[in-house]
There are 2 protein chains.
Amino acid sequence: MKKFLLLLGLGLLNLRADDGYRLWLRYDRIENGSYKTAAIGTLQHIILQTSSGTDAPIVASAGNELRDGLAGLLGITPTITVARRPFAKDTNEFDGDGYSLRTGHELPPGTLVISSDRDVGVLYGAFDLLRRIQTGQSLGQLAVTSTPKVQRRLLNHWDDLNRHVERGYAGFSLWEWFYLPEIRNPRYRDYARACASIGINGTVLTNVNANAQILTPAYLVRVAALADEFRPYGVRVYLAARFSAPIEIGGLKTADPLDPAVAAWWKAKVDEIYRYVPDFGGFIVKANSEGQPGPQDYKRTHADGANMLADAVAPHGGIIMWRAFVYSPDNVDDRAKQAQTEFQPLDGKFRDNVVVQIKNGPIDFMPREPFSPLFGHMPKTRLALELQVTQEYLGQSTQLAYLAPMWKEVLDADTYAKGPGSTVARVIDGSLRGQSPSVIAGVANVGTDRNWTGHLLAQANWYAFGRLAWDHSLTAEAIAREWTRQTFGSDPVVGQTINRMLLGSRETVVNYSMPLGLHHIMAEGNHYGPGPWVDKLARADWTSVYYHKADEKGLGFDRTATGSNALAQYAPELQKLWGDPATCPENLLLWFHHVSWDHKMKSGRTLWDELCLRYQQGVDEVRALQREWDSLKSRLDGELFTQVQQRLVRQELDARDWRDACLLYFQQFAKRPFPAGVEPAAHPLATYQAIRLRNMPGHR
Amino acid sequence: MKKFLLLLGLGLLNLRADDGYRLWLRYDRIENGSYKTAAIGTLQHIILQTSSGTDAPIVASAGNELRDGLAGLLGITPTITVARRPFAKDTNEFDGDGYSLRTGHELPPGTLVISSDRDVGVLYGAFDLLRRIQTGQSLGQLAVTSTPKVQRRLLNHWDDLNRHVERGYAGFSLWEWFYLPEIRNPRYRDYARACASIGINGTVLTNVNANAQILTPAYLVRVAALADEFRPYGVRVYLAARFSAPIEIGGLKTADPLDPAVAAWWKAKVDEIYRYVPDFGGFIVKANSEGQPGPQDYKRTHADGANMLADAVAPHGGIIMWRAFVYSPDNVDDRAKQAQTEFQPLDGKFRDNVVVQIKNGPIDFMPREPFSPLFGHMPKTRLALELQVTQEYLGQSTQLAYLAPMWKEVLDADTYAKGPGSTVARVIDGSLRGQSPSVIAGVANVGTDRNWTGHLLAQANWYAFGRLAWDHSLTAEAIAREWTRQTFGSDPVVGQTINRMLLGSRETVVNYSMPLGLHHIMAEGNHYGPGPWVDKLARADWTSVYYHKADEKGLGFDRTATGSNALAQYAPELQKLWGDPATCPENLLLWFHHVSWDHKMKSGRTLWDELCLRYQQGVDEVRALQREWDSLKSRLDGELFTQVQQRLVRQELDARDWRDACLLYFQQFAKRPFPAGVEPAAHPLATYQAIRLRNMPGHR
């Protein structure tokens, strides 16, 4: 035998590498000994109090979660008992899904009480307790109450029945329709657990670009199976209704909402659905929008359509979420104005169980938009806010964009509808006008990818949506801190670094893609890369040139009185502020104004120079994100580290493409050189224009 | 505080439930103390000997796998060293990818040597050693050599670039094209590990219904990334070539294989591919079949097309796998005859690096077919066997069908091409005529499902394919025993029960779907449920009635001289055996004969009664499978148990549908009652005929 040539390296394959599947529900043993000792002393005996007592499976979920969580986090198995809640509801301690957590005070030592009017409130309280332990908060002398500000906190899945997810970037649909009802992926329960842990209490299973087949018995029996899986976690099921279903699966010749046969068909169909799913939540409807059928096909109004469906679900306690995302195929007015033009006249005409669901901005989930003006109107209508958790226009699942700061912008935006302080949050939570039901919806970013969201750090968006739906007064910073601590543990360097990365990340995407109020200048169709040159599509308002209006003079969409006057849809206070380029926030400047290339910005630079430097800044910020993440290498699980590191490499390439493509394109109009500090483009403009991305996730 | 009403159950959610992801590569600590002690004594020092020494990454993979495996199984970390193999290759101890495992004899105590001419052989030896430990085999005085019988052991993925998998029933394609090359799913490595552990050394990444885009630089850079991930496990990458690619992505006006510009285009393209992937394996081509382009579009032969591509890859050592799955759009002769009609005249006309790849049977992966007659002809051509690991016609991923017994039928089938003993196995492994390269291909059954194969027990098919590709003399029983022990551990009750379930399972599917030689009577398009009534499609040979030919007299396809005479394509010995209904095996009776309803079967029953009872037997056998599995409940991990239990529930429903639909349909012709013992159908025939399965996995 010859002599040995090589001693192999000692590194073991880490067979138990973390893959992100557990989300923020990690119950690894906490290391802080004194905290652990104190917590164990407080948690000898846990009492779950609920006055209903009827939904025992949900209470069992709470008990199971506490047992697993406490065994993992603290290594203890306290006694857990269930008691009937002793006091009357009129104590007003908390409402509905709310709960209290109590220790100390009048309670025996070592006892913690979670109390709610509803079983699901006890479940929420259990998750709250676990979150407090995960994040190292004291459990002594607790007297906490928490009540959600919005009643229906829903995820909207744009999932097709073939498991394609429209605008889904984390694999494919979680719902395995062919295998249901007999074969039930354990992931259904884990999905519901994750939802419940952040207060989400409903899920629309199917795409708003709807398929009537979901309403047939072959699918309803499967919907019922999913509802059964979710029910122990307090998550109710909703469906998208295809308005033409009476024709497509009902054999009728019309779907006219005022036709009695149509109304009768829907009533019978709804009754059938409730036989399958007794706690069915209701329908969402995208009608007369982007080719979807709707009441206008029969010269009826949105209210006619919504009310007909509302009457069908009302006896069962269901609701109709009618989407306001409309822009007419005929109307050539500024698309930003059209939802309000179409819906405002219908104010007061909707049933009490109809909620008009409005996207945060007037166009379509751009990286930055002003809030939709509809929130400031329609005082007699219940209005819901639709946020997009999936990052359709913000780098999908390869780029980092923590969206809570964006959502806070719209929630905190003042409509002035009933004077100062009439924020969008107060419109949609019902507190401004006392309306009920209140609804907030997030278009889900989850799929079959092992880590649920594709980008590991995009889990923070799912988390933040749930937390803001529960309490929109939470700050983006506080939510990031919670999520990071739960997900990555107590290392303060890790926590501070990741929080810093999260909080600036959305603005970074804005900078390298659509800064200064630019919007809708992406490549055709896939909504991923740059395409400011897109100019010839079936509709002008699907192109990019429609929105940026670059010319030799300058850049931007004049939405003041000299232009489309979309500005007039906002309150006078905002018209004044936004109507003058001198006072308009620069991050909305090109949304509302066509501005000269030489316009002097607050920095003292010209618009052109500022624009160039913003794009460069976006690229630089991605590089800074890379450095920050790389600094954590020794502190993180190897697989989790690599997941994000690889995506940041891709993001830097993408950011450069955005910068180079947009600046080369706009330079044709500006006819000015790049200012110092901007890197030269890697390729000529034609190279970027020739890029054709194929087989894009989430895109048909 | 009121008194407690309920003590919650103590059951913990099993957060660490097994999900099947680890496949058969489970390295949990073995419990047999005396075995463990002996093994530890033998494995103090492991020496990896290889004479190439050039592919260090593969040797590192072997070392890593041994370290992980031995740490898990035995709790030890032996020293592992690499040595240059001392003896000359001409010792003929083993060939190529072969290896030896040695302990005792002249070696120092506690030393094990894994030796191979190639690094990959050392890796295979490492997996062999781990398998021996998993299955409790003695390691003392080892002197084992193992050489694969077939050189290229390939998986064929029918994966589209949009991640749909044609005939894929385990989720979606593993290849995340959009995210490559920067973002690399750790699953790529685990896939390659699993392949290497069973000797698979190549993978065709893309669907034979091919997309030319895969040959563009945008995709080749991604193919290279996958090749990089697989290379440390000795798995080479191949691609499906679209014959019309020179037109579609090359800008040529023709794809005529005799056009010099076309040949030059392919030569340049192949040179380009090898720049991305220096060890690229070659192309598979489906040409002039089911609408795919091919040389016949230019009045050239399959040989013309294959040879042109072969000349392009030859300088790089690549091969062309040219599929014989053809049936002419014009030829109205029995489809079972057409591949031979078309290919036999081309014998001797293919280049040495062309392999004609033939499906096991003459039709299309039916639950049972006789072997393809082409294997008995074409002596001057390299022939490959294409098996289908994915269960297109055998219940997809909801039904249990262990396929090794079916594959053994074809491997052991005697073509009589050079006299008795000229088995298909000896044709394709090159031993009958000394040809090289030898190739065996399995159409993969893996996808994004967490357990890789949808049905947990379908992992056994992936495993069995690899093991038979390495050594076709292994029995289906031995492979099942190996797999079950590795996957479910050493409990003999578990092992015996699951082995019994596996071994009968394919015949069960045959019984309730297509017994007695029936074939191709499935529902239109999806290839899942029953459809004996299917009679009007674009081609007659896509219908069911074409194949079963039920009439008032009887049932079955006369392929003797009085019928299509497909029988004449077989050796005289087989013609004699199969040509007489009295000697034809009953499991092929209706394949070769149209038989009277009153034909007396070996059981003494009429054909009709036998047919009915076979369908009933299939259902009964599924119920027996359910009982067997349920008996293991306390012995298995809860999640794994439930995965299979739910699928067996579905399988019983499906089996009843098959039985009822087929018997009610055939009863229209037989006009006889069901014999005693056959359950009445649950619904009238029209109910089964009205079933329309939608959004089926694996089906466009």
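The structure described here is a predicted model, in which local features need pLDDT of at least 70, side-chain atom pairs count only at pLDDT 80 or more, and totals for chains, interfaces and linings use all residues. Residues are numbered from 1 along each chain as its sequence is written, chains are lettered from A in the order in which they are written, and side-chain values use heavy atoms, without hydrogens and water.

The model scores ipTM 0.95 and pTM 0.96.

**A helix pair in chain B**

The axes of α12(B) and α13(B) come within 10 Å and cross at roughly 130°; the two helices are therefore oblique to each other. The residues in contact (heavy atoms within 4.5 Å) are tabulated below.

| Helix | Residue range | Contact residues |
|---|---|---|
| α12(B) | residues 459-470 | B:Q459, B:A460, B:Y463, B:A464, B:R467, B:L468 |
| α13(B) | residues 476-488 | B:I479, B:E482, B:W483, B:Q486, B:T487 |

A:I183 lies in the loop between β7 (152-156) and α4 (187-197) of chain A. Because its relative accessibility is 3%, A:I183 counts as buried (under 20% relative accessible area, with exposed over 50% and partly exposed in between, for a 1.4 Å probe and protein chains only). Leaving aside neighbours within four places in sequence, A:I183 is in contact with B:T398, B:Q646, B:R647 and B:R650. Its C-alpha atom is separated by 9.4 Å from that of A:A225, 42 residues apart along the chain.

Note on methods: Helix = DSSP H or I, 4+ residues; strand = E, 2+ residues; numbered from the N terminus. Axes fitted to C-alpha atoms, helices over the stretch in contact; angles between N-to-C directions. Parallel < 35°, antiparallel > 145°, perpendicular 65-115°, else oblique.
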